[in-house]
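Open the model in your viewer and keep the sequence panel beside it. The tour goes from one selection to the next.

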Amino acid sequence: MHGCIQTNLNSSSHIAPYSATYGRTPVKTLLLAADGGKSLVGTTLRIGGWVKTGREAGAGAFAFLEINDGSCFDSLQVMVTKEVGEAVGGLKKLVPTGTCVLIEGLLADTPEGTKQAVELKATAVLHLGPCEAAVYPMAKKKQSMEFLREKAHLRSRTNTIGAVARIRNALSFATHSFFQENGFLYVHTPIITASDCEGAGEMFQVTTLLAKKEGKEQQQEQQQPPSAEQLQQLREQVSAQGGAVKDAKAAAAADKADAGLAAASKAAVEQLLALKKQLAEAEEAALWVGGIKRIPGGEVDYSTDFFGRPAFLTVSGQLQGEYYACGLSSVYTFGPTFRAENSHTSRHLAEFWMIEPEIAFCNLEDDMRCAEDYVRYCCRFVLERCMPDLQFIAKMIDPKAIERLQHVANSNFARCSYTEGIELLQKAVVEGRKFEDMDVHWGIDLATEHERYLAEEVFKQPVIVYNYPKDIKAFYMRLNDDGKTVAAMDVLVPKVGELIGGSQREDRVEVLESRMAEMGVSVDEAYMDLRRFGSVPHSGFGLGFERLIMFATGIDNIRDVIPFPRWPGNVAF
């Protein structure tokens with residue numbers, strides 16, 4: 001059943017290119033064709049996938065299987081007769097949900113009024129991967145998203161997660177298409193870094209010191225490190241012996257003819273050297289705490305670590321993106337980022353994907369337009385490519401998902417300064433609107449509820465808020481002429497709130513140095529070199545990819561829009 005299967009079908013143009021050995025035709029080739037697959041009626045095909053639902057009919061004379069291979073949302077109906085089923089142990093082996101099959105058959109028209117235009121009438125079962133219904137955890141009934149997270153290795157077979165996976169794939173493709181079509185270069189920025197782009201201080205550390213720790217701990221158990229009192233005693237002994245050496249040398253110098261005094265002086269020096277060696281060894285041993293060496297101040301000694309300095313998993317590719325933009329003009333990164341934030345909310349992950357373009361000769365207005373065009377492009381793309389998935393999402397998850405995507409795809413984004421946004425929120429509070437955080441004043445960092453209110457209730461469309469107070473934004477954002485705000489922007493969308501955060505970067509070296517001193521931060525000299533050697537006005541933004549998927553699907557928990565979510569206490573699969 002698992003060996004090489006010879007193919008001899010009427011046509012091979014519909015066969016998946018790298019399933020040629022098995023002659024498998026993807027389900028989408030039939031169901032997503034303009035004619036619903038009718039052009040291949042009468043053709044012998046092979047369909048491979050997993051049984052969504054199966055049922056025997058005609059008093060056991062035949063069975064209907066709904067086969068899904070993940071290539072599209074819908075499943076293809078396959079009719080298997082009792083005679084065909086007997087070759088693999090009977091129809092009961094084929095009908096359980098989760099069973100994997102490769103079935104050869106003749107594509108036929110379905111009766112008038114049937115949902116699908118075609119079905120497969122099986123002539124042979126070429127592969128059977130049995131699935132015992134009694135123990136298979138992915139039952140046909142609807143299951144909670146929490147349960148599905150516990151079965152992440154199987155949840156891609158469900159309608160919801162399968163739809164999300166295809167939407168995620170489409171948005172990934174759209175991302176690369178948009179930037180490539182607009183002249184950007186895709187830059188691979190490092191995952192391991194020594195810098196904290198966000199200044200959050202919540203980073204995963206990368207080290208090999210722990211691998212060496214166990215052996216050192218065993219050694220320490222056999223030889224207990226000296227205590228502070230023992231070190232002090234050794235230092236006092238060294239000091240006292242130093243005085244003894246001084247006296248012995250003075251005595252020997254006063255009576256050079258006395259060989260005994262010379263020998264005593266030499267012995268005193270040797271004893272001092274031995275004590276100093278003992279003290280040095282004791283001080284070295286005392287630096288090892290829990291199997292890891294410290295420097296005298298108590299901090300970890302990274303000189304023997306893999307990189308010779310502290311290293312972390314990146315929280316952003318922006319820094320390296322800026323480096324390349326300031327030589328290649330328009331670049332973007334798209335990759336995983338990490339945050340060691342002990343958060344269990346529905347909006348946070350420890351590992352997530354970021355899209356971060358950086359553009360030379362670009363001011364804030366250009367940056368906002370790029371962000372708007374990108375989001376609209378993604379919305380149009382997913383509407384064109386994933387409508388069956390979106391229709392399921394609208395039916396089962398969020399009735400407004402398609403309407404929201406269509407609205408964004410066809411709307412110009414509103415613009416609103418931070419100051420105007422605060423005034424709108426204050427007006428809402430006066431008129432009785434309740435927020436969890438009612439202390440709305442100029443200078444606050446907008447909460448998600450504030451952002452969603454502006455997007456969903458005031459503007460009723462995506463809105464870009466710009467020119468934020470400098471005190472709530474990063475040091476690298478360009479200071480505006482008013483001295484109070486920076487050229488920063490956030491794209492706020494219904495359902496999510498902030499989708500994109502970006503800014504024009506500070507390209508004036510003197511102003512950047514002043515801002516760094518004001519905020520008490522320091523950066524690598526390489527970052528300053530960009531401003532010293534051929535400085536250029538440049539801007540960029542960052543988009544959390546999972547939030548874009550949440551926006552598109554209406555799914556509330558970010559853990560359900562990434563294949564294998566990571567959060568505090570969970571690194572399964």
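Start at R508, which is partly exposed at 25% relative accessibility. This is a predicted model. The side chains of E506 and R508 meet in a salt bridge, 2.7 Å from N to O. E506 is buried, with a relative accessible area of 0%. The cut-off for buried is under 20%, so E506 falls within it at 0%, while R508 at 25% counts as partly exposed.

**The salt-bridge network**

How many salt bridges are there by this rule? The count comes to 32. For a linked set, select E365, E372, D373, R376 and R415, which form a network of salt bridges.

Zoom in on R415 and E365. Their closest N and O atoms are 3.9 Å apart, and the two form a salt bridge. R415 sits in strand 14 (residues 414-417) and E365 in helix 9 (residues 364-385), so the pair ties together parts that are 50 residues apart in sequence. R415 is partly exposed at 29% relative accessibility. E365 is partly exposed too, at 40%.

Next, pick E372 and R376. Here the salt bridge has its closest N and O atoms 3.0 Å apart. Both residues belong to helix 9; they are four residues apart, which means a separation of about one helical turn. Are they buried or exposed? E372 counts as buried at 5% relative accessibility, and R376 counts as buried at 13%.

**A helix pair**

Select helix 11 (residues 401-409) and helix 16 (residues 545-553). They pack at an angle of about 115°, and their axes are 7 Å apart. Helix 11 is therefore roughly perpendicular to helix 16. Show the side chains at the contact: A401, R404, L405 and V408 come from helix 11, and F551, A552 and T553 from helix 16.

Go to S330, in strand 12 (residues 330-338). S330 is buried, with a relative accessible area of 15%. Which residues does S330 contact, leaving aside neighbours within four places in sequence? They are G183, F184, L185, E358 and I359.

Move on to S346. This residue is in the loop between strand 12 and strand 13 (351-360). S346 counts as partly exposed, at 32% relative accessibility. Beyond its neighbours within four places in sequence, S346 is in contact with M550, D556, N557 and I558.

I192 is in strand 7 (residues 192-193). At 39% relative accessibility, I192 counts as partly exposed.

**Two positive phi values**

Select K460, in the loop between helix 13 (448-458) and strand 15 (463-469). Its phi is near 55°, a positive value in a residue other than glycine. K460 is exposed, with a relative accessible area of 55%.

Finish at N467, in strand 15. N467 is not a glycine, yet has a positive phi of about 60°. N467 counts as partly exposed, at 24% relative accessibility.

Technical notes
Residues numbered from 1 in each chain as written. Predicted model: local features only at pLDDT ≥ 70, side-chain atom pairs only at ≥ 80, totals over all residues. Heavy atoms only, no water. Buried < 20%, exposed > 50% of the residue type's maximum accessible area, 1.4 Å probe, protein only. Contact = heavy atoms within 4.5 Å. Axes fitted to C-alpha atoms, helices over the stretch in contact; angles between N-to-C directions. Parallel < 35°, antiparallel > 145°, perpendicular 65-115°, else oblique. Salt bridge = Lys/Arg side-chain N within 4 Å of Asp/Glu carboxyl O.
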